[in-house]
Amino acid sequence: SKTEALGKFVKDVFQFEDKLVDFSGPINAADQSQDVVGQILTKYDKIRYISRKAKILRNAYNTEIIGAVESFHDDTKRLAEQQLLEKRYLQLQTINAIGQQIAISNDLQALFKFIGQKLVTTFFESSQISLFMIVNNKQQLALKATAGLHNRDVKKNYPVDKVYANKKSPIYEAFFKREKQIVEQVDQTSMDHQGVLQNGKSIFAFPLKTAMEVAGVLAIENNEPLKLDESDIYMIETVSEYLGISIERISLQEKIARQNELLEKQAKDLKEALSKLDKQKKIIEKQKDILEEDLSKASEFQHSLLPDKWPVTDSLTFAARFIPSTQLGGDYYDVFRINDQLIGILVADASGHGTAAAMLSAMFKMTLEKYAYTIFDPGKVFTALNKDFTKVLQMGEFFTAFYAIYDEQSYILTYGNAAHPPPIMLNRKKHEIMQLDTEGFLLGAMDVGLSYESKQLKLEEPYRMIIFTDGVTECADLNNKLLGTDKIKRMFLDNENRSLKQNIENLTKTLNQHANSDSFEDDVTILMIDFFNGYTKKEAKVI
């Protein structure tokens, strides 16, 4: 400011590395006027570019130097605008060069290599450029080309065509959301930022869109924080758009070529196949028999996972029914003795149907056995299960489950619910209904910021409990109306004096009538338990 500058020596106000006027030596005519651009650091630690001019002052007779005048002008804005114009001109040249290459190229691999090298040499010399394409039924991304300063290390860990597995990274976010992901400082986000570059500080991912889908992702990573301006983003978006168009064009050309080849081959194969029809029919029938036999064995195996007998106890009575929607299902239930005092009660439902769901239910049983005999808190068991499941389950795979531990001595039921339909509990003495629910998310869906709650209920009077999967409550009629929980509650009260087996029979008939079918679209599991708690079975029935 004026107040800070007046009355002070120039050297105390502005500190430059060089001097425009040096009075310590001879000054010739060329030194009488100078004009240079230098840098200064402001008191706010900001770099400014200063245009400096100096002129020697002599006396009226030009015989003696009496001083000098030096003027300063802040040229930062002008230089920045000049650099920005140069940068944008170079960006337009880059876009044009890439566009020309895309227009003439029919080789995606060569095209990817050209684009990566062009971006690195012009703008991102310290960065790593990666190009990914969809693979595996369009659910995953594979690395197709790389370019950059760290190319040798990247290729060692990610050879071409290797599937990129980090589905929580900005790269997959751009793929699934169809939107660019700009992460300038990864340590300030909760996102899993790890890309192909180790210890990256910035990552930018741009989807490669075709008319119908996202065909891949263009990613730029940097080991130091990197900031993109609007022109940078525009350039990368334009290149990504060009790439998407090119991928679609080349893919269409390849598809037409393949279809032509396929049609020619099919015409030839059809002629040969007509003479082998009977033979192939027998082969198909044989394979069908083998498949049905395998499915039958798999179904037997799945049923072998279910309890073949109930724990021996005077305080509990059990009944259950499992009806898979196909030969194999994803529902699983178990009642098992943990020790002399505790009994475990479980109903779980794996996502999906058929073979995949059956495999998941088998995995659930094996994983549960790791913890059920050492951890007596259902919430903590769910936490351990969730941690294991998130390591192995694929996207879209998960479980819901209800798990309870019953103490035969204290009559306390400790239970936890992981996003499962809440079981219904009937107090047979008071004729009151309640639902058992706790805080708990899907098992295996995610492992960040989740906790699973446990609650306790003391059963000092005779109780009856029904646990079921969503195949019961979500059973739909011809008008797509669901059965719902309220109807199950009413049936539960109306049939409280009937046996557990009769209750399950009545509920199954209701499901058949509601769906107007003997089979269901989803797996159906029903588990019912009577708690006597010091009463004899006869006394409990009277109550």
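This is a predicted model: local features need pLDDT of at least 70, side-chain atom pairs count only at pLDDT 80 or more; totals for chains, interfaces and linings use all residues.
F175 is a buried residue, with a relative accessible area of 8%.

**Aromatic pairs**

A search of the whole structure turns up 16 aromatic pairs. In one of them, the ring centres of F175 and F176 lie 5.1 Å apart with their planes at 50 degrees, so the pair is tilted. F176 counts as partly exposed, because its relative accessibility is 34%, and the cut-off for buried is under 20%. F175 and F176 also belong to one aromatic cluster, together with F132, Y164 and Y172.

Another pair is Y406 with F531, and here the geometry is edge-to-face: 5.0 Å centre to centre and 70 degrees between the planes. Y406 sits in strand 13 (residues 399-407) and F531 in strand 19, so this pair ties together parts that are 125 residues apart in sequence. Y406 is buried, at 0% relative accessibility, and F531 is buried too, at 1%.

Here are the two pairs in table form.

| Aromatic pair | Centre to centre | Angle between planes | Class |
|---|---|---|---|
| F175 and F176 | 5.1 Å | 50 degrees | tilted |
| Y406 and F531 | 5.0 Å | 70 degrees | edge-to-face |

**Strand 19 and its sheet**

F531 leads us to the strand that holds it. Strand 19 (residues 524-531) is mostly covered, with eight of its eight residues buried. In a regular strand the side chains alternate between the two faces of the sheet. For strand 19, V524, I526, M528 and D530 are on one side and T525, L527, I529 and F531 are on the other, and both faces are covered.

What is the order of the strands in the open sheet? Five strands form it, in the order 10-19-18-15-16, with antiparallel pairing. Strand 10 and strand 16 (432-435) are the edge strands, each pairing on one side only. On average, neighbouring strands of this sheet are turned by 15 degrees against each other, direction ignored.

Now for the pairings themselves. Strand 10 (residues 316-323) runs antiparallel to strand 19, and eight bridges join the two; F318 has I529 of strand 19 as its bridge partner. Strand 18 (residues 463-468) is also antiparallel to strand 19, joined by six bridges, and I466 stands opposite M528 there. Strand 15 (residues 424-427) and strand 16 are antiparallel as well, with four bridges between them. In that pairing, L426 stands opposite I433 of strand 16.

Two helices pack on the sheet. Helix 12 (residues 485-494) touches strand 15, strand 16, strand 18 and strand 19, and its direction makes about 30 degrees with that of strand 15. Helix 13 (residues 500-515) touches strand 10, strand 18 and strand 19, and its direction makes about 25 degrees with that of strand 10.

**A helix pair**

Two packed helices are described by the angle between their axes and the distance between the axes. For helix 4 (residues 108-122) and helix 7 (residues 230-274), the angle is about 170 degrees and the axes are 11 Å apart. That makes helix 4 roughly antiparallel to helix 7, because angles over 145 degrees count that way.

Which residues of helix 4 and helix 7 meet? L108, L111, F112, I115 and L119 in helix 4 touch M235, V239, L243, S246, I247 and I250 in helix 7. By type, the residues of this contact split into 10 nonpolar, one polar and no charged.

Notes
Residues are numbered from 1 along each chain as its sequence is written. Side-chain values use heavy atoms; hydrogens and water are left out. Buried means under 20% relative accessible area, exposed over 50%, partly exposed in between (1.4 Å probe, protein chains only). Two strands pair if DSSP finds at least two bridges between them. Axes are lines fitted to C-alpha atoms, for helices over the stretch in contact, and angles run from 0 to 180 degrees between N-to-C directions. Angles under 35 degrees count as roughly parallel, over 145 as roughly antiparallel, 65 to 115 as roughly perpendicular and the rest as oblique. Contact means heavy atoms within 4.5 Å. Ala, Val, Leu, Ile, Met, Phe, Trp, Tyr, Cys and Pro count as nonpolar, Asp, Glu, Lys and Arg as charged, and the others, Gly among them, as polar. Rings of Phe, Tyr and Trp (its six-membered ring) pair if their centres lie within 6.5 Å; planes under 30 degrees apart count as stacked, over 60 as edge-to-face and the rest as tilted.
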